[in-house]
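These are my notebook entries on one chain. I went from the overall dimensions to single side chains.

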Amino acid sequence: DPMPFVMAVLYAANCSFLTPYGYQTNLMIRSPGRYSLYDYMRAGAPVVLVFLTVALLAIPIVFPFSRP
């Protein structure tokens, strides 16, 4: 069943927490707030690790590799 692999790609494509380029509001506040790319990486790295852990644990449970 390809669904677990499709869901993993889907979640990975939506995981844009490390850079401000994933969402336009982040780009709008980057210059006025004097944020650097390092600030986004420092705040986004824990979110990415939690997201990765939850996705890797939940995808096989919700979308099993073989259908009974």
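Entry 1, dimensions. I looked up the radius of gyration, taken over C-alpha atoms, and found 16 Å for the chain, whereas a compact globule of 68 residues would be near 11 Å. The globule rule I used is 2.2 Å times the number of residues to the power 0.38. The C-alpha trace spans about 55 × 20 × 10 Å along its principal axes.

The model is predicted, so I kept local features to pLDDT of at least 70 and side-chain atom pairs to pLDDT 80 or more, while totals for chains, interfaces and linings use all residues. Numbering runs from 1 along each chain as its sequence is written, and side-chain values use heavy atoms, with hydrogens and water left out.

I counted 3 helices and 0 strands, in the order α-α-α from the N terminus. Both kinds of element are DSSP runs numbered from the N terminus: helices are H or I with at least four residues, strands are E with at least two.

Buried residues make up 13% of the 68; buried means under 20% relative accessible area, exposed over 50%, and partly exposed in between. For contacts (heavy atoms within 4.5 Å), I took residues at least 6 apart in sequence, and 56% of these contacts join residues at least 24 apart.

Is Gly 44 buried or exposed? Gly 44 has a relative accessible area of 4% and is therefore buried. Gly 44 sits in helix α3, residues 37-62, and touches Phe 17 and Leu 18, leaving aside residues up to four places away in sequence. Met 41 is also in helix α3 but is partly exposed at 38%. Met 41 belongs to a nonpolar surface patch of about 420 Å², together with Leu 18, Tyr 21, Leu 27 and Leu 37. Patches take residues with over 30% relative accessible area and no salt bridge; like charges are joined within 9 Å, and nonpolar side chains (Val, Leu, Ile, Met, Phe, Trp, Tyr) within 5 Å.

I searched the whole structure and found 1, the criterion being a side-chain nitrogen of Lys or Arg within 4 Å of a carboxyl oxygen of Asp or Glu. The partners are Arg 42 and Asp 39, at 3.3 Å, N to O. They lie 3 residues apart in helix α3, about one turn. Arg 42 is exposed at 53%; Asp 39 is partly exposed at 22%.

Entry 6, rings. I found 4 aromatic pairs. Phe 5 and Phe 65 have ring centres 5.6 Å apart and planes at 55°, so I logged the pair as tilted. Phe 5 is in helix α1 (residues 3-13) and Phe 65 in the segment after α3, 60 residues away. Phe 5 is exposed at 55%, and Phe 65 is partly exposed at 45%. For Tyr 11 and Phe 51 the centres are 6.3 Å apart and the planes at 75°, so that pair is edge-to-face. The pair links helix α1 with helix α3 across 40 residues. With Phe 17, Tyr 11 and Phe 51 form one aromatic cluster. Rings of Phe, Tyr and Trp (its six-membered ring) pair if their centres lie within 6.5 Å; planes under 30 degrees apart are stacked, over 60 edge-to-face, the rest tilted.

Terms used. Buried means under 20% relative accessible area, exposed over 50%, partly exposed in between (1.4 Å probe, protein chains only). Accessible areas come from the Shrake-Rupley method with a 1.4 Å probe; for residues, only the protein chains shown count as cover.
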